Amino acid sequence: MADAVRHVEGEVRELIRRSGLDPTRDPVEIDRLVREAVHDYDDRSLRSGMPALGDLDGAVKSILDTVAGHGPLQRYFDDPAIEEIWINAPDKIFVARNGIAELTTTILTADEVRDLVERMLRSSGRRVDLSSPFVDAVLPDGSRLHVVIPDITRDHWVVNIRKFVVKADHLDDLVRLGTLTRPAATFLEAAVVAGLNILVAGGTQAGKTTMLNCLAAAIPSRERVVTCEEVFELKIPLRDVAALQCRQPSLEGTGAVPLRRLVTEALRMRPSRIIVGEVRQAESLDLLIALNSGLPGMCTLHANSAREAITKMCTLPLLAGENVSPRFVVPTVAASIDLVVHIALDGDGVRRVREIVAIPGRVEGDVVEVADLFHTRSGVLRRADGFPPHVERFERAGYRVTALLAQEA
């Protein structure tokens, strides 16, 4: 059967080449072409000595995976329980299933890995080569691709594919999944409606982007949202959203558009809210200035706790230049960030919010004061004794802060 499938696969590739079809843009036509080729081969094999296909549906699936999908990796794309796929070497391919990493039995060759990457990048218009050994791209299904090649890596191409697995679109979904308690979700929804500035912190794969998506879904529908990201990941279910992503330099090394430029341009697009997918460098200064000017916004940040996230927000803007000093940045952070939501991936594969803290706006000895609103005790997110800033904003939005924080889980 394997020889027969390879024979039909060769015929299909030739038919695709002659017809000028694009497997990524013409999936229906490709599906029809493959099925016709398989059934034609099956008819011919019955009248000659050609090897039989056997399982026609299996042959169709195998050929479609190869010519229009991701080859041997396609089964991992099709498995909804798998969240991420990564390749350390052609014979070391891992997946994360429900948050737990496992080594697969799939073995490729170095050429197959390169071919897969090149096919994935074709639809994005991005490239990876010796002059650009890193690449970030979004696949047609929304999955995020990251590739690093030698000599940045030791011997092999290293590939990470973070699948776009929709498990939560709203805060209610996070309550259902066990990420949030109902009182915490109700409070966060009110905070978003009231226009508080929220920082989502956590480690890699903690669920920061999903949390940001769910928070953004609570933004009133009449508002205009502008998002800035390295690559498109946010899927905000609102009617007025302008999404911006960075651009890599050309072969001549020109034309790059960094995240900091996007934040600056976003302010010229009449936003009611600005959302930055993740702050890592000097763009944090531009975001702080925007938030401090009265424009509500949200962003994510890599940090191991809410307090660490605040400390990091006080240091990242210093990368913007020597003329930026802590004397300016620290009070600006205290005045600009209202809430920090810290989320983490637990050992059982469940993503849980560990704490929600408020920033009252006070600074003591170059340290930004924080107040615990919710913290984890005995493995459960519970109400602490702090209160959020800007109570008047909650009241204008129709909420009473004391009633919100008095709810029982």
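R383 lies over the face of F387, 5.0 Å from the ring centre (the cut-offs: CZ of Arg or NZ of Lys within 6 Å of the ring centre and within 35 degrees of the ring normal). This is a predicted model: local features need pLDDT of at least 70, side-chain atom pairs count only at pLDDT 80 or more, and totals for chains, interfaces and linings use all residues. Residues are numbered from 1 along each chain as its sequence is written, and side-chain values use heavy atoms, without hydrogens and water.

**Exercise 1.** Check the span of helix α5, residues 110-122.

*Solution.* 
- Helices are DSSP runs of H or I, at least four residues; strands are runs of E, at least two; both are numbered from the N terminus.
- The rule is 1.5 Å times one less than the number of residues.

**Exercise 2.** Find which residues of α5 are buried.

*Solution.* 
- Buried means under 20% relative accessible area, exposed over 50%, partly exposed in between (1.4 Å probe, protein chains only).
- V113, L116, V117, M120 and L121 are buried.

**Exercise 3.** Describe the aromatic pair of F187 and F374.

*Solution.* 
- Rings of Phe, Tyr and Trp (its six-membered ring) pair if their centres lie within 6.5 Å; planes under 30 degrees apart are stacked, over 60 edge-to-face, the rest tilted.
- F187 and F374 are 6.0 Å apart, centre to centre, with 50° between the planes, so the pair is tilted.
- F187 sits in helix α7, F374 in strand β16.
- F187 has 0% relative accessibility, so F187 is buried.
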